[in-house]
Amino acid sequence: MSVKLTTRQVGDVTVIDVAGRITLGEGSSTLRDALRDLVKNNHKDILLNLKDVSYIDSSGIGELVSAYTSITNQGGHLKLLGLTHRVKDLLQITKLYTVFDIHEDEAHAVRSFA
Amino acid sequence: MAEASRTVEQVLDSTLESVDQAERVALDLARESGFGEEDLDRIGMSVRECVVNAVVHGNRYNANKKVQLSILRTPRQFTVRIADQGEGFDPAALPDPVAGDNLLRQSGRGIFLMKTFMDDVQVRRLQPAGTEVILTKNLVSKR
């Protein structure tokens, strides 16, 4: 399985539930395209729910960073929700854990955009 | 019981499918060696990152160029050699991906992750062309 994305709206916040693997190739490009479409359609507050992400590689990390930079530069916000141990470990090793706004609880995360 | 020493060698196409294949082969052998789940994760990711570099940056998906995968397991070490036929690069010239100015770069974390996850990483230019990366994980402390 590569990656599956489900997008839903919670108030003004667009939540993307991501499941599967975010790796070089289909996984990374699917996520990149989805985020670009959302930004193009003026969705600027985006919460990426990664609780069902089983694997992420350096390309996947690169996509998160690229999306974060792009959305922030356009006046939006990209936040992360529900990191697995593996993803959290990788973000800590790459010193990105403190760059992203990371949440454990969805309701709390959604309120943080206000 | 697993054999004391074992070698696996494969020649891979310059495709992303080869990345999955290399990871699968390496993990099968690493599992036989008795590594725990965390080490298996780290070996698997290091091999993936290395073969991605070989396919994408080294051979640039060129169908005429191959990636050589050699895995050697001894009672003391698990060693993976990955060689491409690309133009080569200077590893010392790679920017530090965890330095402040580089944190938000989209790429450049692969070798850093390999060095974090493995006990030793050697990168060497091959003649007349290509790059060889040798990833080593020690088994001694697992016994």
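Helices (H or I, at least four residues) and strands (E, at least two) are DSSP runs, numbered from the N terminus. Axes are lines fitted to C-alpha atoms, for helices over the stretch in contact, and angles run from 0 to 180 degrees between N-to-C directions. This is a predicted model, where local features need pLDDT of at least 70 and side-chain atom pairs count only at pLDDT 80 or more, while totals for chains, interfaces and linings use all residues. Residues are numbered from 1 along each chain as its sequence is written, and chains are lettered from A in the order in which they are written.

**Stop 1: two helices of chain B**

Select residues 37-58 of chain B, which form helix α2, and residues 110-117, which form helix α3. Their axes are 9 Å apart, and the helices pack at an angle of about 150 degrees. α2(B) and α3(B) are therefore roughly antiparallel to each other, a label given to angles over 145 degrees. Now show the side chains: α2(B) brings residues including B:R42, B:M45 and B:C50 to the contact, and α3(B) brings B:G110, B:L113, B:M114 and B:F117. Here, two residues are in contact if their C-beta atoms, placed from the backbone, lie within 7 Å. Colour this contact by class and you will find six nonpolar, three polar and two charged residues. In this scheme Ala, Val, Leu, Ile, Met, Phe, Trp, Tyr, Cys and Pro are nonpolar, Asp, Glu, Lys and Arg are charged, and the others, Gly among them, are polar.

**Stop 2: where the chains meet**

Next, show both chains together. How many residues of chain A are in contact with chain B? There are 15, and they touch 16 residues of chain B. On the chain A side, α2 (58-73) and α3 (85-93) are the elements that give two or more residues. α2(A) gives the most, with six residues. By class, the chain A side has six nonpolar, six polar and three charged residues.

**Stop 3: the cores**

A nonpolar core is a set of buried Ala, Val, Leu, Ile, Met, Phe, Trp, Tyr and Cys residues joined through C-beta atoms within 7 Å. A residue is buried if 20 or more other C-beta atoms lie within 10 Å of its own, exposed if 12 or fewer, and partly exposed in between. The largest nonpolar core has 31 residues, and A:V18, A:I46 and A:I56 are among those with the most contacts inside it. β3(A) supplies the largest share, seven residues. Click on A:I56: leaving out residues up to four places away in sequence, A:I56 touches A:I22, A:I61, A:V87 and A:L90. A second, separate core of 29 residues includes A:L24, B:M45, B:C50 and B:L135.

**Stop 4**

Select B:V123 in strand β4 (residues 120-125) of chain B. Is B:V123 buried or partly exposed? B:V123 counts as partly exposed, because 19 C-beta neighbours lie inside 10 Å. Beyond its neighbours within four places in sequence, B:V123 is in contact with B:P91, B:T131 and B:V133. Then move to B:P128, in the loop between β4 and β5 (131-138) of chain B. A cis peptide bond joins B:Q127 and B:P128, with omega about 5 degrees.

**Stop 5: two loop residues of chain A**

Most residues other than glycine have a negative phi. Select A:N42, in the loop between α1 and β3 of chain A. A:N42 has a positive phi of about 70 degrees although it is not a glycine, and with 8 C-beta neighbours inside 10 Å A:N42 counts as exposed. Finish at A:K95, in the loop between α3 and β5 (101-103) of chain A. A:K95 has a positive phi of about 60 degrees and is partly exposed, with 14 other C-beta atoms within 10 Å.

Technical notes
Angles under 35 degrees count as roughly parallel, over 145 as roughly antiparallel, 65 to 115 as roughly perpendicular and the rest as oblique.
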